[in-house]
Amino acid sequence: MILNKETAQKTAELLLQINAIKLQPQNPFTWASGWKSPIYCDNRITLSYPIIRNYLKENLAKQVEILYGKPDIIAGVATGAIGIGALVADILGLPFCYIRPETKKHGRQNKIEGFVEANQNVVIIEDLISTGNSSLLAANALKEANLNVKGMLAIFTYGFDVSEENFKKNNIELHTLSDYNHLLQQAEKSNYISSMEKTLLSTWRMDPANWNPQLK
């Protein structure tokens, strides 16, 4: 869910500006799943741009406070959201932890890195939501440690139906700074894509597994 439309447009503009998001409808990327995708998103790049990372951390922190007040701790999902999650925790003056995709094989064999206590209220920070599976595994790890997951905030989501279903099924509230629809609006507005390309890009999200990257 988008909380602020102006923030959604500005976030999309900034991500396109630094190529954290690339749109290539005529020369699609191939994801690990085998899907042909006209979009590639790597929000970790934002950490290299102080003005942009400050914008993202300030707006994520603002939305955490609006939605959840002051949680006990902020959690980032490894590895993409460790940096931005720590920045959000810092601006809020809160402790920070991060969740590994799987339990560490040596040492203390942690899945959650950082000091956490049962019954703490936690808000999760993510960089990108696709199907939501890895994000929800992180949320479940926190629940298994007896923390109260209040919700999740992410920089960007593709807005797949399967993602929305997964979050609903797991009873996790998701808010994002921007999403695919606002991205396409901003990309067309800034002449990054044509109106015809916008139509093609819109069809991809409806059925990404069977998308045919041919303009009609």
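This is a predicted model: local features need pLDDT of at least 70, side-chain atom pairs count only at pLDDT 80 or more; totals for chains, interfaces and linings use all residues.
First, the ground rules. Residues are numbered from 1 along each chain as its sequence is written, local features need pLDDT of at least 70, and side-chain atom pairs count only at pLDDT 80 or more. Totals for chains, interfaces and linings use all residues, while side-chain values use heavy atoms, with hydrogens and water left out.

Let's start inside. In soluble globular proteins, nonpolar side chains tend to be buried together. Here, the largest nonpolar core has 41 residues. A nonpolar core is a set of buried Ala, Val, Leu, Ile, Met, Phe, Trp, Tyr and Cys residues joined through side-chain atoms within 4.5 Å. Buried means under 20% relative accessible area, exposed means over 50%, and partly exposed is in between, with a 1.4 Å probe and protein chains only. Inside this core, I39, F156 and L183 have the most contacts. Helix α2, residues 50-68, gives the largest share, six residues. Helices (H or I, at least four residues) and strands (E, at least two) are DSSP runs, numbered from the N terminus.

Which residues does L183 touch? Leaving out residues up to four places away in sequence, they are A12, L16, I21, L23, I39 and F156. Contact here means heavy atoms within 4.5 Å. Another core, of 21 residues, lies apart from the largest one. I124, A138, F167 and L174 are among its members.

Next, helix α6 and helix α7. They cover residues 180-189 and 195-206. Their axes are 10 Å apart, and the packing angle is about 170 degrees. Axes are lines fitted to C-alpha atoms, for helices over the stretch in contact, and angles run from 0 to 180 degrees between N-to-C directions. So α6 and α7 are roughly antiparallel to each other, a label for angles over 145 degrees. From α6 come Y180, N181, L184, Q185 and E188; from α7, S195, K198, L201, S202, W204 and R205. By class, that contact has four nonpolar, four polar and three charged residues. Ala, Val, Leu, Ile, Met, Phe, Trp, Tyr, Cys and Pro count as nonpolar, Asp, Glu, Lys and Arg as charged, and the others, Gly among them, as polar.

Now the loops. Two asparagines have a positive phi without being glycine: N19, at about 65 degrees, and N171, at about 55 degrees. N19 sits between α1 (5-17) and β1 (21-23). N171 sits between α5 (161-169) and β10 (174-179). Are they buried or exposed? N19 is partly exposed, at 37% relative accessibility. N171 is exposed, at 68%.

There is also a cis peptide bond. It joins A78 and T79, with omega about -5 degrees. T79 is in the loop between β5 (73-77) and α3 (82-92).

Finally, the records. An unreviewed UniProt entry lists residues 73-99 as "transmembrane region". In the model, that span is 41% helix and 33% strand, and its end C-alpha atoms lie 13 Å apart. The unreviewed entry also has a "binding site" annotation, which covers S130. UniProt positions are given in the numbering used here, feature names are shortened, and annotations may be inferred rather than shown by experiment. Where is S130? In the loop between β8 (121-129) and α4 (133-144). S130 is partly exposed, at 27%. Beyond four places in sequence, S130 touches Y158, F160 and S163.

Technical notes
Angles under 35 degrees count as roughly parallel, over 145 as roughly antiparallel, 65 to 115 as roughly perpendicular and the rest as oblique.
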